[in-house]
Amino acid sequence: MSLRKDGNYWYGTSAEDVWDYFVMIKRDSPEPPKHWRQVVCPCGNAAFVVEGGEDEGQYQRTCTACDAQTVLFAEEWSERKEWRNDLPELECICWGSEFEVVGVTAPFMGDTDSAKWFYLGLRCVHCRCLGCYADWIPRYNDAQTYLAML
Ligand SMILES: [Zn+2]
Ligand SMILES: [Zn+2]
């Protein structure tokens, strides 16, 4: 584990540190995180520009190497979500906007394969600062299937 705290922020050297960060901050939760997945583009690159917001109800990512555009969890909706051009770009405290993307889920108590909670973890590839940029309650019965749509 190479998590490091500096002031109010946590820094890490790999996507696994993002997972370790969630384990740490949720260690006293009755529903601690159980599953996680890092997004890697089919081209092999793992850095993305991420756009979206809670009010907008949508998040999407663009690969910094091949420009492939993906709407997060697009398949989850009965009406598939389409790419939007009006979503704000997520920014790090260093103003960087290229991140490794890590999804973390926490199951319902007594059902370890489920995904009650979802957390969107991002790690800035410039300054290495990481954190939770969004969370919601998908109430999904299969965490692996849910995370596959990230
Ligand atoms: Zn790519
Ligand atoms: Zn940064």
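Biologist: How much of the protein is buried?

Modeller: Of its 150 residues, 35% are buried. Buried means 20 or more other C-beta atoms within 10 Å of the residue's own, exposed means 12 or fewer, and partly exposed is in between, with C-beta atoms placed from the backbone. This is a predicted model, where local features need pLDDT of at least 70 and side-chain atom pairs count only at pLDDT 80 or more, while totals for chains, interfaces and linings use all residues. Residues are numbered from 1 along each chain as its sequence is written, and chains are lettered from A and ligands numbered from 1 in the order in which they are written.

Biologist: OK, how many helices and strands?

Modeller: The protein has 2 helices and 9 strands, in the order β-β-α-β-β-β-β-β-β-β-α. Those are DSSP runs numbered from the N terminus: helices are H or I with at least four residues, strands are E with at least two.

Biologist: And what's the radius of gyration?

Modeller: 15 Å, which agrees with the value near 15 Å for a compact globule of 150 residues. It's taken over C-alpha atoms, and the globule rule is 2.2 Å times the number of residues to the power 0.38.

Biologist: Which residues in the largest nonpolar core touch the most other members?

Modeller: Val18, Phe48, Val50, Phe99, Val101, Val102 and Leu122, out of 35 residues in that core. A nonpolar core here is a set of buried Ala, Val, Leu, Ile, Met, Phe, Trp, Tyr and Cys residues joined through C-beta atoms within 7 Å. β8 gives the most to this core, with 6 residues.

Biologist: Let's look at β8, then. How many of its residues are buried?

Modeller: 8 of its 8. Both faces are covered, with Trp117, Tyr119, Gly121 and Arg123 buried on one side and Phe118, Leu120, Leu122 and Cys124 buried on the other. In a regular strand the side chains alternate between the two faces of the sheet.

Biologist: How many bridges join β7 to β8?

Modeller: There are 8, and the two strands run antiparallel. β8 also pairs with β9 in the antiparallel sense, over 6 bridges. Strands count as paired if DSSP finds at least two bridges between them. As for partners, Val102 is bridged to Gly121 in β8, and Leu122 to Gly131 in β9.

Biologist: Gly121 again. Why does Gly121 count as buried?

Modeller: Because it has 26 other C-beta atoms within 10 Å. Gly121 touches Val18, Tyr21, Phe22, Val102, Val104, Leu130 and Cys132, leaving out residues up to four places away in sequence. Contact means C-beta atoms, placed from the backbone, within 7 Å.

Biologist: Some of those look like helix α1. Which residues of α1 are buried?

Modeller: In α1 (residues 15-25), they're Ala15, Asp17, Val18, Trp19, Tyr21 and Phe22. Their cover includes β2 (9-11), β3 (35-38), β7 (99-106), β8 (117-124) and β9 (129-136).

Definitions and conventions. Contact = placed C-beta atoms within 7 Å.
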